[in-house]
Amino acid sequence: MDWAETSEPQLLTSGARIMSANKGWWVPPEGEDSVSEKFLRKTRESPLVPVGLGGCLAVAAYRIYRLKARGSTKMSIHLIHTRVAAQACAVGAVMLGAVYTMYRDYIKRTAPGAGEK
């Protein structure tokens with residue numbers, strides 16, 4: 001009997017189960033979140049990560065749109081400028097996140113009248 005013919009879930013090395021009777025749907029192991037739940041949880045923990053990703057995608061989309069109107073600029077220079085602008089968005093989001101975390105942890109806690117946790 002082949003492993004695909006059984007109706008019970010099979011355990012793979014990654015810890016994920018595959019339901020062979022249900023057309024091979026992947027089921028996350030017990031206690032693990034789905035991808036969307038994990039993304040939403042991470043977004044709540046650090047809300048500036050999606051802002052940085054959105055900035056990178058916006059810069060990339062704009063630079064692709066402007067590709068035809070680059071004039072006499074070489075393609076390599078155009079791509080370098082695109083990379084630097086996208087990287088600046090990501091680094092800026094990381095910096096803002098670090099400043100916000102420092103504010104939340106040090107300034108907000110030591111402010112007079114702040115309740116102790």
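This is a predicted model: local features need pLDDT of at least 70, side-chain atom pairs count only at pLDDT 80 or more; totals for chains, interfaces and linings use all residues.
Residues are numbered from 1 along each chain as its sequence is written, and side-chain values use heavy atoms, with hydrogens and water left out. The protein has three helices and three strands, where helices (H or I, at least four residues) and strands (E, at least two) are DSSP runs numbered from the N terminus.

**Fold and surface**

- Along the sequence, the elements follow the pattern β-β-β-α-α-α.
- Among the contacts (heavy atoms within 4.5 Å) with a separation of 6 or more, 23% are between residues 24 or more positions apart.
- Of the 117 residues in the protein, 9% are buried, a term that means under 20% relative accessible area, with exposed meaning over 50% and partly exposed lying in between (1.4 Å probe, protein chains only).
- The accessible surface, from the Shrake-Rupley method with a 1.4 Å probe, comes to about 9,800 Å², and 64% of this belongs to carbon and sulfur atoms.

**Regions listed in UniProt**

- An unreviewed UniProt entry lists residues 48-65 and 85-103 under "transmembrane region", and such annotations may be inferred rather than shown by experiment.
- Residues 48-65 are 100% helix and 0% strand in the model, with the end C-alpha atoms 25 Å apart.
- Residues 85-103 are likewise 100% helix and 0% strand, and here the end C-alpha atoms are 27 Å apart.

**The largest pocket**

- The largest pocket holds about 230 Å³ of space, a pocket being an open set of points on a 1 Å grid over the protein atoms alone, where a 1.4 Å probe fits, with protein on both sides within 12 Å along at least five of seven lines.
- Its lining, made of residues that have an atom within 4 Å of a point, comprises 16 residues, of which Ser46, Leu48, Val49, Ala93 and Gly97 are the closest to the centre of the pocket.
- Helix H2 (48-65) and helix H3 (75-110) each supply at least two lining residues, and H3 gives the most, with eight.
- The lining divides into 10 nonpolar, four polar and two charged residues, with Ala, Val, Leu, Ile, Met, Phe, Trp, Tyr, Cys and Pro counted as nonpolar, Asp, Glu, Lys and Arg as charged, and the others, Gly among them, as polar.

**Thr82**

- Thr82 is placed in helix H3 and counts as buried because its relative accessibility is 14%.
- Apart from neighbours within four places in sequence, Thr82 is in contact with Val59, Ala60 and Arg63.

Terms used:
Grid points are joined across faces, edges and corners, and a volume is the space filled by probe spheres set on the points.
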